[in-house]
Amino acid sequence: MSLLTLGINHTTAPVHVRELVAISEQNLRSALRKLIEVPQVEEALIVSTCNRTEMYCQVTQMQEGRKGILNWLNTFHNLKSEHTTPYLYDYQDHSTVHHIFRVACGLDSMVIGEPQILGQLKSAYQDASQAGTVGRTLNQLFQHAFSVAKEVRTSTEIGANPVSVASAAVSLSKKIFGELQHHSALLIGAGETIELAAEHLKAAGIREIVVANRSVERAEHIASQVSGRGVGLSLVNEVLPESEIVITATASTLPILGKGLVERALKERRHKPIFMVDLAVPRDIEPEVAELSDVYLYTVDDLQDVIEHNLQSRQKAVKAAEEIIAREVDKFFLWQRGQGVVDTVRAFREKTELQRDDVLEKAKKMLEQGKSVDETLNYLAYTLSNKFMHDPSEALNLAAKQGKNELIDAARVLLNIRPEDTNDF
């Protein structure tokens, strides 16, 4: 049995290609059931996110297994091989284990150390478990990956500091206000940055999130993902006085928030401070807003130094994380080799017990037929010895004829035969 990973991710394919092979949550279990039907696939787990689609499988034969999985992927998505093959990568055995450990720790992500991928891996594992496509090997592999990710996060600085403008903005708001559960935020825009800011604010426990955008439908869509409220830009003057935190990231060529609008909002707030982060270029907030005494205004440039410092900190942590991963990869294969011994011992024990039961049944019949106890015991002892000795003796004789002295030496160790027990040393 071998481990095989076949995948496509943000480093090998543009988004329009990744979209072609993405598997929705609704189709995931159906995909798993079809994947496990590939003749060479014994176990299967699929990870599909916006940045990657990967199939983790235990296969009976590596090359045929890879071919079978690739055919399944193309058939499932109704694609031709030229649509996918140029963008695919595969990992085998040791490389598969090393890869999944790096993925779990966030070292293979667009943003090094991002924590979302670990939750996505856990969901993928749960789905595959419920679909019945995870066996002993993939179960151990992913449980080990989760354990490695936990160790890396607790013993290194890999995820300690924010490295995106959205996460940096939320981190800065926590430094100003402390806990956010009693505060509200206004997010202006509807792009990826605003989506990320909304996710980070939700994770930080913010009391309320309002998303404002020219497209109310788009604003409502983003807000619904974080239990917030979506409004049109025309209502910004109404919701601004209710907001302690304001983050903007639009594509507007003109400012959205002017000094006069913010002044009126502060008056309604009785001059309680507002923390504002303008992540847009050109700027969404007039620079003159920074002159207001109750406003803390930051631009994207103000956050870059923080982000660069934090990126350098994470890069230093990567080396420590890689050392942990290398050690844990070795541990996984120690476990896997141990499973081979367990299976061998189990098979040997079952075979021996069958031989024992067969001879014992014959011995009982001898007693029923009137044979003496001594004759029956002699038969039992002699026959059991011969049966237990037969296969090892045949294997050793064959090894001697073929000149396989290392096998004979191994047999001496396994059978605990000391030099003084034999004359042929």
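Reader: How do you know that strand E1 (residues 2-9) and E3 pair, and in which sense?

Author: This is a predicted model, and the answer is in its bridges. Two strands pair if there are at least two bridges between them. E1 and E3 have eight bridges. Therefore they count as a pair. The sense is antiparallel. To see one spot, look at Leu4, which stands opposite Cys57 in E3.

Reader: Which strands form the open sheet, and in what order?

Author: Four strands form it, in the order E2-E3-E1-E4. The pairing is antiparallel.

Reader: What makes E2 and strand E4 (89-92) edge strands?

Author: Each of them pairs on one side only. From one strand to the next, the twist averages 15 degrees.

Reader: Which helices lie across these strands?

Author: H2 lies across E2 and E3, and runs at about 150 degrees to E2. H5 lies across E1, E3 and E4, at about 140 degrees to E3.

Reader: What makes the contact of H5 with H6 nonpolar, polar or charged by class?

Author: Look at the residues. H5 brings Ile100, Val103 and Ala104, and H6 brings Ile117, Leu118 and Leu121. Ala, Val, Leu and Ile count as nonpolar. Therefore the class count is six nonpolar, no polar and no charged residues.

Reader: How do you know that the length of helix H6 (residues 116-131) agrees with 1.5 Å a residue?

Author: Compare two values. The 16 residues should span 22 Å. The end C-alpha atoms of H6 are 23 Å apart, which agrees. Just after H6, Gly132 takes a positive phi of about 80 degrees.

Reader: Which residues of H6 are buried?

Author: Buried means under 20% relative accessible area. Ile117, Leu118, Leu121, Ala124, Tyr125, Asp127, Ala128 and Ala131 are buried in H6. An α-helix has 3.6 residues a turn, so residues three or four places apart point the same way.

Reader: What do the buried residues of H6 pack against?

Author: They pack against helices and strands. The helices are H2 (25-35), H5 (94-104) and H7 (136-155). The strands are E2 (41-48) and E3 (52-59).

Reader: Why does Lys174 count as partly exposed?

Author: Its relative accessibility is 41%. Buried needs under 20%, and exposed needs over 50%. The value for Lys174 lies in between, so partly exposed is the word.

Reader: Where does Lys174 lie, and what is it in contact with beyond its neighbours within four places in sequence?

Author: Lys174 lies in helix H8 (residues 165-177). Leaving those neighbours aside, Lys174 is in contact with Leu180 and Ala204. Leu297 is 123 residues apart from Lys174 along the chain, and their C-alpha atoms are separated by 15 Å.

Reader: How many strands has the open sheet with parallel pairing?

Author: Six, in the order E7-E6-E5-E8-E9-E10. Strand E7 (229-232) and strand E10 (295-299) pair on one side only, which makes them the edge strands. Direction ignored, neighbouring strands are turned by 15 degrees against each other on average.

Reader: How do you know that strand E6 (residues 208-213) and E7 pair?

Author: Pairing needs at least two bridges. E6 and E7 have four, in the parallel sense. Therefore E6 and E7 pair. Ala212 stands opposite Val231 in E7.

How values were computed
Residues numbered from 1 in each chain as written. Predicted model: local features only at pLDDT ≥ 70, side-chain atom pairs only at ≥ 80, totals over all residues. Heavy atoms only, no water. Helix = DSSP H or I, 4+ residues; strand = E, 2+ residues; numbered from the N terminus. Expected span 1.5 Å × (residues − 1). Buried < 20%, exposed > 50% of the residue type's maximum accessible area, 1.4 Å probe, protein only. Contact = heavy atoms within 4.5 Å. Axes fitted to C-alpha atoms, helices over the stretch in contact; angles between N-to-C directions.
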